[in-house]
Amino acid sequence: MQLLKPKEEDKDKKKPGRLNPSRIRDHLANERTYLAWMRTAIALLGFGVVIVRLRAFQVPLVPRPGTGWKLGLVFSLVGLIAVWLSTAHYFAVRRDIEEDTYEPTDRWVLLFSLAIMILGAGVIYFVFTSPLDPLSPVMPE
């Protein structure tokens, strides 16, 4: 009885794209990263809306539009940009995984970190420069 050995012909007939045994794991990691960027983008969009809508809950001391809407708009725009960039990055990484040429880059991490730092500074500035309602319990005496 002869043991079943793969023929030489069968060894050469590998399925295309299956050269890297961890390819599926790489694709799933790419999808998880993409979904994390999407959650972040949705949070930025939501935070932008919250900043704009906070004015509706507290009557302003000065009857002019104020600057809160600008900060909310910037958060929303950064959220939309994050959606665009993360989608483009997902497909670029997907192509690189398929071609087995993926090399991680630091530019997206640095760019997004810088954007979040600037937005955070904007929130801090907005919170500490906005006039408080005289009836607010937070008002210092």
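Y102 touches V93, D96 and I97 when residues up to four places away in sequence are not counted, contact meaning heavy atoms within 4.5 Å. In this predicted model, Y102 lies in the loop between α3 and α4, where helices (H or I, at least four residues) and strands (E, at least two) are DSSP runs numbered from the N terminus. With a relative accessibility of 37%, Y102 counts as partly exposed, a class that falls between buried, under 20% relative accessible area, and exposed, over 50% (1.4 Å probe, protein chains only). The C-alpha atoms of Y102 and A92, which are 10 residues apart along the chain, are separated by 9.1 Å.

Residues are numbered from 1 along each chain as its sequence is written. Because the model is predicted, local features need pLDDT of at least 70 and side-chain atom pairs count only at pLDDT 80 or more, while totals for chains, interfaces and linings use all residues, and side-chain values use heavy atoms, with hydrogens and water left out.

The loop between α3 and α4 also holds D100, which counts as exposed at 54% relative accessibility. The phi of D100 is near 55°, a positive value in a residue other than glycine. Most residues other than glycine have a negative phi. Along the chain D100 and R23 are 77 residues apart, yet their C-alpha atoms are separated by 8.6 Å.

In one of them R23 pairs with E98, and the closest N and O atoms are 2.5 Å apart. This pair links distant parts of the chain, since E98 is in helix α3 and R23 in helix α2, 75 residues apart. R23 counts as buried at 13% relative accessibility, whereas E98 is partly exposed, with a relative accessible area of 39%. Another salt bridge joins the side chains of D96 and R95, at 3.6 Å from N to O. Here D96 counts as buried at 17% relative accessibility, and R95 counts as partly exposed at 46%.

Seen as a whole, the chain has 4 helices and 0 strands, and its elements run α-α-α-α from the N terminus on. Of the 141 residues in the chain, buried residues make up 19%. Among contacts between residues at least 6 apart in sequence, 73% join residues at least 24 apart.

The largest nonpolar core has 10 residues in all, namely A41, L44, I51, L71, F75, V78, A82, F112, L119 and V123; such a core is a set of buried Ala, Val, Leu, Ile, Met, Phe, Trp, Tyr and Cys residues joined through side-chain atoms within 4.5 Å. At least two residues of this core come from each of α2, α3 and α4, and α3 gives the largest share, 4 residues.

M38 is found in helix α2 and is buried, with a relative accessible area of 15%. Not counting residues up to four places away in sequence, M38 touches V83, S86 and T87. M38 and W84 are 46 residues apart in sequence and 9.6 Å apart in space, C-alpha to C-alpha.

The last feature is an open space. The second largest pocket has a volume of about 240 Å³, and of the 13 residues that line this pocket, the closest to its centre are N30, T33, H89, V93 and Y102. On a 1 Å grid over the protein atoms alone, a pocket is an open set of points where a 1.4 Å probe fits, with protein on both sides within 12 Å along at least five of seven lines, and lining residues have an atom within 4 Å of a point; a volume is the space filled by probe spheres set on the points. The elements that give two or more residues to the lining are α2 (23-57), α3 (68-99) and α4 (107-129), and the largest share, 5 residues, comes from α2. By class, this lining has 8 nonpolar, 4 polar and 1 charged residues, where Ala, Val, Leu, Ile, Met, Phe, Trp, Tyr, Cys and Pro count as nonpolar, Asp, Glu, Lys and Arg as charged, and the others, Gly among them, as polar.

Key:
Salt bridge = Lys/Arg side-chain N within 4 Å of Asp/Glu carboxyl O.
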